[in-house]
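Biologist: I am new to this structure and would like to go through it step by step. Please show it, and then I will ask about its parts.

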Amino acid sequence: MVDNRRIFDPVTQDDTRSGEKSPASMAPIYFMSGESKVLGTFFSAAGEGLHPTILLLGGFPGNEVNFDIAHMLRRQSFNVLSFYARGSWGSDGEYSWKNLVEDGSAAIKFLQSSYAM
């Protein structure tokens with residue numbers, strides 16, 4: 001017997017049937033860390049209901065924002081938050097190792113807020 005279900009690779013393809021009522025999306029967001037506005041992107045998984053959420057930390061500011069990883073995780077039914085640390089890529093404030101830790105904590109608080117639920 002042949003399995004006629006469409007097989008897709010979540011690394012490179014979207015499952016077109018998964019989001020008929022609630023399609024996958026990505027939206028710019030911001031949250032406050034200290035007195036600074038931190039910019040980011042929230043990737044919403046397709047499908048109705050709650051989805052687990054991953055905070056994707058990029059580390060050093062640079063050209064790589066790991067959106068390929070975020071899209072792959074979104075295709076596997078995870079929400080993903082990726083952000084630009086203070087002092088990088090348009091986020092307010094000054095970049096520092098100390099601020100990276102605080103920005104990560106502020107991102108977690110943002111995810112726990114009603115916006116991301």
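**Questions on a predicted chain**

Modeller: To start with one place, Asp92 is in the loop between S4 and H2. Please keep in mind that this is a predicted model.

Biologist: Is Asp92 buried, partly exposed or exposed?
Modeller: The relative accessible area of Asp92 is 39%. Buried requires under 20% and exposed over 50%. Because its value falls in between, Asp92 is partly exposed.

Biologist: In what order do the elements of the chain run from the N terminus on?
Modeller: The chain has two helices and four strands. Read from the N terminus, their order is β-β-β-α-β-α.

Biologist: What percentage of the 117 residues in the chain is buried?
Modeller: The chain exposes about 7600 Å², and carbon and sulfur atoms supply 57% of that area. Counted by residue, the buried part of the 117 residues is 33%.

Biologist: How far apart are the end C-alpha atoms of helix H2, and what span should its 16 residues have?
Modeller: Helix H2 covers residues 97–112. At 1.5 Å a residue, its 16 residues should span 22 Å. This agrees with the model, because the end C-alpha atoms of H2 are 23 Å apart.

Biologist: Which residues of H2 are buried, and within what arc do they fall?
Modeller: The buried residues of H2 are Asn99, Asp103, Gly104, Ala106, Ala107, Phe110 and Leu111. Seen down the axis of H2, they line one face of the helix, because they fall within an arc of 165°.

Biologist: Which residues are exposed on the other side of H2, and which strands do the buried residues of H2 pack against?
Modeller: Lys98, Val101, Lys109 and Gln112 are exposed on the other side of H2. The buried residues of H2 pack against strands S1 (25–33), S2 (36–44), S3 (53–56) and S4 (79–83).

Biologist: Where is Glu102, and which residues is it in contact with beyond four places in sequence?
Modeller: Glu102 is in helix H2 and counts as partly exposed at 31% relative accessibility. From C-alpha to C-alpha, Glu102 and Gly34 are 7.9 Å apart in space, while they are 68 residues apart in sequence. Leaving aside neighbours within four places in sequence, Glu102 is in contact with Ser33 and Arg86.

Biologist: Which element gives the largest share of the largest nonpolar core?
Modeller: This core has ten residues: Ile29, Phe31, Val38, Phe42, Leu81, Phe83, Ala106, Ala107, Phe110 and Leu111. S1, S2, S4 and H2 are the elements that give two or more residues to it. The largest share, four residues, comes from H2.

Biologist: How many residues are in the other core that lies apart from it?
Modeller: Phe43, Leu56, Ala70 and Leu73 are among the residues of this other core. The number of residues in it is seven.

Biologist: How many residues apart in sequence are the parts that the pair of Phe31 and Phe83 ties together?
Modeller: The structure holds three aromatic pairs. Phe31 and Phe83 form one that is edge-to-face, with 5.5 Å centre to centre and 80° between the planes. Because Phe31 lies in strand S1 and Phe83 in strand S4, the pair ties together parts whose separation in sequence is 52 residues.

Biologist: Are Phe31 and Phe83 buried or exposed?
Modeller: Phe31 has 5% relative accessibility, and Phe83 has 12%. The limit for buried is under 20%. Therefore Phe31 and Phe83 both count as buried.

Biologist: Which residues form one aromatic cluster?
Modeller: The pair of Phe31 and Phe83 belongs to this cluster. Its residues are Phe31, Phe83 and Phe110.

Conventions:
Residues are numbered from 1 along each chain as its sequence is written. This is a predicted model: local features need pLDDT of at least 70, side-chain atom pairs count only at pLDDT 80 or more; totals for chains, interfaces and linings use all residues. Side-chain values use heavy atoms; hydrogens and water are left out. Buried means under 20% relative accessible area, exposed over 50%, partly exposed in between (1.4 Å probe, protein chains only). Accessible areas come from the Shrake-Rupley method with a 1.4 Å probe; for residues, only the protein chains shown count as cover. The expected span of a helix is 1.5 Å times one less than its number of residues. The arc is that of the directions from the helix axis to the C-beta atoms. Contact means heavy atoms within 4.5 Å. A nonpolar core is a set of buried Ala, Val, Leu, Ile, Met, Phe, Trp, Tyr and Cys residues joined through side-chain atoms within 4.5 Å. Rings of Phe, Tyr and Trp (its six-membered ring) pair if their centres lie within 6.5 Å; planes under 30 degrees apart count as stacked, over 60 as edge-to-face and the rest as tilted.
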